[in-house]
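The sequence and structure are shown first.

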Amino acid sequence: MKEFIIVITMFFAEPNTYPNAVEIAARYDKPLRFATEQKCHEHINENFDALKEFAMTMYPNAVTVKSMFCVEKQKGFTGV
């Protein structure tokens, strides 16, 4: 069964700043996973501002959010 997650990449003034991405693992202490890529994109569209705000708190030195996208979660893979 496929499972999709949200990954947000950040834009920094200095190139090659890493890490530069955050996986959105949970919301309200519940895992945030989607059965379809479409459902994942719908969640991004409906919660864009909240997701952007969260990412900026994780990387306060970032200029802005570079991109938000959905990726298939690989079994056994724990990193971004």
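## Salt bridges and sheet architecture

The structure holds 4 salt bridges. The model under discussion is predicted. Side chains of opposite charge can pair when their charged atoms come close.

| Pair | Closest N to O distance |
|---|---|
| Glu23 and Arg33 | 3.5 Å |
| Glu42 and Lys39 | 3.9 Å |

**The charged network**

Glu3, Glu23, Arg33 and Lys73 are joined in a network of salt bridges.

Glu23 has a relative accessibility of 14% and counts as buried. Glu3 is partly exposed, at 31% relative accessible area, and Arg33 is partly exposed as well, at 28%.

**The pair within helix H1**

Glu42 and Lys39 form a salt bridge with their closest N and O atoms 3.9 Å apart. Both residues lie in helix H1, where a spacing of 3 residues separates them by about one helical turn. Glu42 is partly exposed at 29% relative accessibility, and Lys39 is partly exposed with a relative accessible area of 49%.

**The sheet**

An open sheet of 3 strands is arranged in the order S2-S1-S5, with antiparallel pairing. Strand S2 (21-24) and strand S5 (64-72) stand at the edges with a single partner strand each, so one side of each has no neighbour in the sheet. From one strand to the next, the twist averages 25°.

Strand S1 (residues 4-11) pairs with S5 in the antiparallel sense over 8 bridges, and Ile5 stands opposite Val71 in S5. Helix H2 (residues 48-58) packs on the sheet, where H2 touches S1, S2 and S5, and the direction of H2 makes about 110° with that of S5. S1 and S2 run antiparallel and are joined by 4 bridges; Ile6 has Ile24 in S2 as its bridge partner. Of the 8 residues of S1, 7 are buried, so the strand is largely enclosed by the rest of the structure.

**Two loop residues**

Asn47 is placed in the loop between helix H1 (37-46) and H2. Is Asn47 buried or exposed? Its relative accessible area of 15% falls under the 20% limit, so Asn47 counts as buried. The side chain of Asn47 reaches the backbone oxygen of His43 at 2.9 Å.

Ala35 is placed in the loop between strand S4 (30-31) and H1. With 56% relative accessibility, Ala35 counts as exposed. Which residues does Ala35 touch, not counting residues up to four places away in sequence? The contacts are with Lys2 and Phe4. Ala35 and Ile5 are 30 residues apart along the chain, and their C-alpha atoms are separated by 9.3 Å.

Definitions and conventions
Residues are numbered from 1 along each chain as its sequence is written. This is a predicted model: local features need pLDDT of at least 70, side-chain atom pairs count only at pLDDT 80 or more; totals for chains, interfaces and linings use all residues. Side-chain values use heavy atoms; hydrogens and water are left out. Two strands pair if DSSP finds at least two bridges between them. Axes are lines fitted to C-alpha atoms, for helices over the stretch in contact, and angles run from 0 to 180 degrees between N-to-C directions. Contact means heavy atoms within 4.5 Å. Buried means under 20% relative accessible area, exposed over 50%, partly exposed in between (1.4 Å probe, protein chains only). A polar contact is a pair of N or O atoms within 3.5 Å; within protein, one must be able to donate a hydrogen and the other to accept it, and residues adjacent in sequence count only if both atoms are side-chain atoms. A salt bridge is a side-chain nitrogen of Lys or Arg within 4 Å of a carboxyl oxygen of Asp or Glu.
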